[in-house]
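Please look over the sequence and the structure before reading on.

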Amino acid sequence: METKGLKELVDAIQSYNPEGDVDVLRRAHEFAASIHGGQARRSGDPYLSHPMEVAAILTELRMDERAIAAGLLHDAIEDTQTTIGEIRTLFGDEIADLVDGVTKLSKLPFSTREDRQAESFRKMVLAMAKDIRVIVIKLADRLHNMRTLDPLPEAKRCLIAKETLEIYAPLAHRLGMAKIKQELEDLSLRHSDPEAYRDLAVQIAKKREEREAQINEVITILKRKLTEVDIPCEITGRPKHFYSIHRKMREQEKTLDEIYDLTAVRVIASTLKDCYGALGIIHSLWKPIPGRFKDFIAVPKSNMYQSLHTTVIGPKGEPAEIQIRTEEMHRTAEEGIAVHWAYKEGKATLDETEKNFLWLRQMLDWGRDLKDSREFLDAVRIDLFPEEVYVFTPKGDVKALPRGATPIDFAFTIHTDIGLHCAGARINGRIVPLRYELRNGDIVEILRSETQHPSRDWLRFVKTSRARGRIRGWIKNQEWVRSIVLGKELLDREIRKLGKKSSALVRLETLPQVLEHYRVGSEEALHAAIGYGKISPRQAVLKLLPAEQAQAIAEEESRQRKPRPKAAVEGIKIEGVDDILVHFAKCCHPLPGDEVIGFITRGRGVSIHIADCPNMGVFRYDPERQTRVYWDERVKISHQVKIRVIVAEDRPGLLAEISAAISSANANITQAEIKVTEDKRGLNTFVLEVLDLKQLQEAMQAIRRVRGVMRVERIRSH
């Protein structure tokens with residue numbers, strides 16, 4: 001007998017696909033119920049409720065029954081003892097491949113959470129090459145997880161919200177799935193910055209009645225006029241979602257009172273001709289604001305989005321944003337790639353939408369080409385830009401690029417060789433610098449020279465992952481060649497100091513063991529690692545020598561030299577290195593508990609950065625100089641960290657309460673700066689001494705409980 005939940009799923013599928021195989025859905029539900037029986041979520045709800053809700057979201061997207069069955073089974077491998085072989089035997093290859101594509105790699109021994117996240121995402125992207133439904137199921141899974149995030153600890157919620165905002169919401173946008181993208185963004189804001197979310201909700205609620213009255217007046221006038229000219233349309237008001245308002249306030253440094261387009265008017269017309277007819281009527285009624293008209297029907301976005309956008313001065317003298325599209329365009333805008341999934345034909349490969357999703361094909365190429373999972377994830381983050389500019393080749397072909405893209409980005413979209421030899425650009429017939437930011441409608445001509453080669457400086461302003469990856473590859477190759485030459489010279493010099501010949505030493509039987517010890521595959525790679533500074537030439541020579549000779553030399557050197565500071569003194573362990581100087585980067589001030597990464601500097605040892613430090617984006621052009629580092633939990637030393645505390649209104653005794661809250665977490669205040677703004681709000685910064693990230697989070701949580709405190713945030717740079 002079907003449960004209520006299963007019956008609703010079956011009814012939903014049969015409403016848009018009466019011929020669908022619902023038997024496979026019943027079997028998948030029965031199997032999921034048996035393997036998840038007795039399991040519960042953090043909320044206390046039966047675990048089965050999660051795959052059921054994921055399946056329900058997939059029916060809203062009108063996915064086929066096999067995708068929905070995979071949605072019911074998507075956690076089977078990760079959270080139960082079920083194997084992919086069992087899924088394949090019971091449900092066939094198609095469903096098994098979907099489940100395998102969505103399954104995270106949590107059972108494999110990755111050294112850090114970021115490695116696991118990056119490799120998991122790479123696996124999912126590669127699975128998309130075979131079946132685009134993988135990403136749709138994954139987005140449905142992430143959406144329900146975000147809806148039910150409340151029972152998790154605050155730190156975990158913030159981490160998941162950040163990942164969602166960086167990867168999954170932009171991915172939903174690039175797939176054209178606006179409805180899912182907007183909900184993911186709003187939920188991410190609610191969990192990553194609850195104070196800002198609540199404050200915004202209160203302010204918008206106060207303005208809602210006034211804004212709705214203005215929008216309703218625009219709708220009433222427009223309906224009447226379009227009816228008079230016989231253009232049948234459905235007209236509605238659409239409130240902007242919280243995250244888009246929050247981002248606009250932050251980027252433009254405006255208050256909510258200065259943001260006028262909190263609500264947009266949407267016109268759904270019957271035909272393409274009526275869309276342009278409605279636009280003409282709108283512009284005859286109200287004056288359009290110059291520069292705010294965009295025709296995404298004639299030039300669709302890369303995610304297939306089509307619509308006319310215009311902003312006019314409305315009847316009350318305030319800006320009103322109006323979007324005009326057909327019903328088909330509207331569904332594509334809301335559901336994106338899911339609309340183009342043809343369940344009747346059973347086709348799900350990327351070829352079906354290749355023309356519209358060239359960026360997705362490129363992302364798959366990155367997944368195959370880039371061996372380093374973190375580098376792949378960086379490339380994906382760069383390419384998931386939400387805004388685009390549309391420019392033209394001299395022949396009139398349209399190229400879509402992320403906002404802020406340069407002629408170098410454009411050159412690499414044409415051909416790698418053109419990008420590597422890009423010497424300049426002519427925009428609309430005028431010579432411009434390579435840093436020039438392309439604008440909509442620009443006609444771009446690349447000037448090429450065989451003597452021109454990429455500069456590291458290019459990495460500071462290019463925007464696309466294709467350009468960044470090709471430039472990094474060229475620089476890495478040049479660095480590799482130079483490092484081999486330098487490393488060989490350094491090694492030869494050390495060998496000569498011992499009165500030996502390098503040719504004789506490298507032929508010793510110890511060479512294979514040395515290569516294995518340093519985890520390098522060849523003598524050339526050993527030279528490169530020495531040239532990069534990852535391996536000390538003296539240590540390499542001692543490893544090459546017979547054990548007795550090496551020990552005698554080491555003992556003699558030990559007697560003659562002063563002790564050098566060990567990395568462990570700073571509480572850091574460096575993979576594969578026993579004795580090297582370290583220093584903590586001042587750009588991000590890592591704390592024990594932060595995920596960290598080391599960067600080998602020239603002459604200053606290893607610089608320790610937080611893994612997501614903005615500066616690491618620049619350093620990653622040279623991955624050979626990165627090294628894995630770990631906190632030594634045995635070492636307990638104090639670290640300084642800066643926080644900002646924003647209070648709603650300054651009042652007597654507030655500073656004393658904040659100080660007491662900090663003391664309650666056993667943290668020490670070493671510096672304080674107190675400011676009161678013109679509107680009587682307090683803006684306070686403190687430098688605290690803490691042992692680790694956990695102690696900092698306890699102090700910040702204690703401060704948040706003080707009456708009147710609006711926001712507490714860590715300042716990375718100080």
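Predicted model: local features only at pLDDT ≥ 70, side-chain atom pairs only at ≥ 80, totals over all residues.

Are F584 and W631 buried or exposed? Both F584 and W631 are buried.

## Overall make-up

The protein chain contains 27 helices and 20 strands. Of its 718 residues, 49% are buried. Among contacts between residues at least 6 apart in sequence, 67% join residues at least 24 apart.

## Aromatic pairs

A pair of aromatic rings is described by the distance of the centres and the angle of the planes. Searching the whole structure gives 4 aromatic pairs. One of them is formed by F296 and Y305: the ring centres are 6.0 Å apart and the planes stand at 70°, so this pair is edge-to-face. F296 and Y305 are both buried.

Another pair is that of F584 and W631, with ring centres 5.8 Å apart and planes at 15°, so the pair is stacked. This pair links distant parts of the chain, since F584 belongs to strand β12 (residues 582-584) and W631 to strand β16 (residues 629-631), 47 residues apart.

Strands of a sheet pair through backbone hydrogen bonds, either parallel or antiparallel. In this structure, an open sheet is formed by 4 strands in the order β18-β19-β17-β20, with antiparallel pairing. The strands at the edges are β18 (668-676) and β20 (709-715); each has a single partner strand, so one side of each is left without a neighbour in the sheet. On average, and with direction ignored, neighbouring strands of this sheet are turned by 20° against each other.

The pairings can be followed across the sheet. Strand β18 is joined to β19 (residues 682-690) by 8 bridges, and the two run antiparallel. Here Q671 stands opposite V687 in β19. Between β17 and β19 there are 9 bridges, again with the strands running antiparallel; V641 has L688 in β19 as its bridge partner. The pairing of β17 with β20 is antiparallel too and covers 6 bridges, with K642 opposite I715 in β20. Helix α26 (residues 654-664) lies across β17 (639-647), β18, β19 and β20, and runs at about 25° to β19.

## Helices

Which residues of α11 meet α12? They are A196, Y197, L200, A201 and I204, and on the α12 side they meet F242, I245, H246 and M249. Helix α11 (residues 194-228) and helix α12 (residues 242-252) pack with their axes 11 Å apart, at an angle of about 100°. The two helices, α11 and α12, are therefore roughly perpendicular to each other.

Helix α17 (residues 407-414) has 6 of its 8 residues buried, so this helix is largely enclosed by the rest of the structure. The buried residues of α17 are P407, I408, D409, F410, A411 and F412.

Where is H36 placed? H36 lies in the loop between α2 (22-35) and α3 (49-60). With a relative accessible area of 3%, H36 is buried. Its side chain makes a polar contact of 2.7 Å with the side chain of Q39. Apart from neighbours within four places in sequence, H36 is in contact with Y47, P51, D75, A76, D79 and T80.

Two further loop residues have a positive phi without being glycine. For N428, phi is near 55°. N428 is found in the loop between β8 (422-427) and β9 (430-432), and its relative accessible area of 47% makes N428 partly exposed. For H589, phi is about 45°. H589 sits in the loop between β12 and β13 (596-600). Why does H589 count as buried? The relative accessibility of H589 is 17%, and buried means under 20%.

Conventions. Residues numbered from 1 in each chain as written. Heavy atoms only, no water. Buried < 20%, exposed > 50% of the residue type's maximum accessible area, 1.4 Å probe, protein only. Polar contact = N/O pair within 3.5 Å; in protein donor to acceptor, adjacent residues only side chain to side chain. Contact = heavy atoms within 4.5 Å. Phe/Tyr/Trp six-rings, centres within 6.5 Å; stacked < 30°, edge-to-face > 60°. Pairing = 2+ DSSP bridges. Axes fitted to C-alpha atoms, helices over the stretch in contact; angles between N-to-C directions. Parallel < 35°, antiparallel > 145°, perpendicular 65-115°, else oblique.
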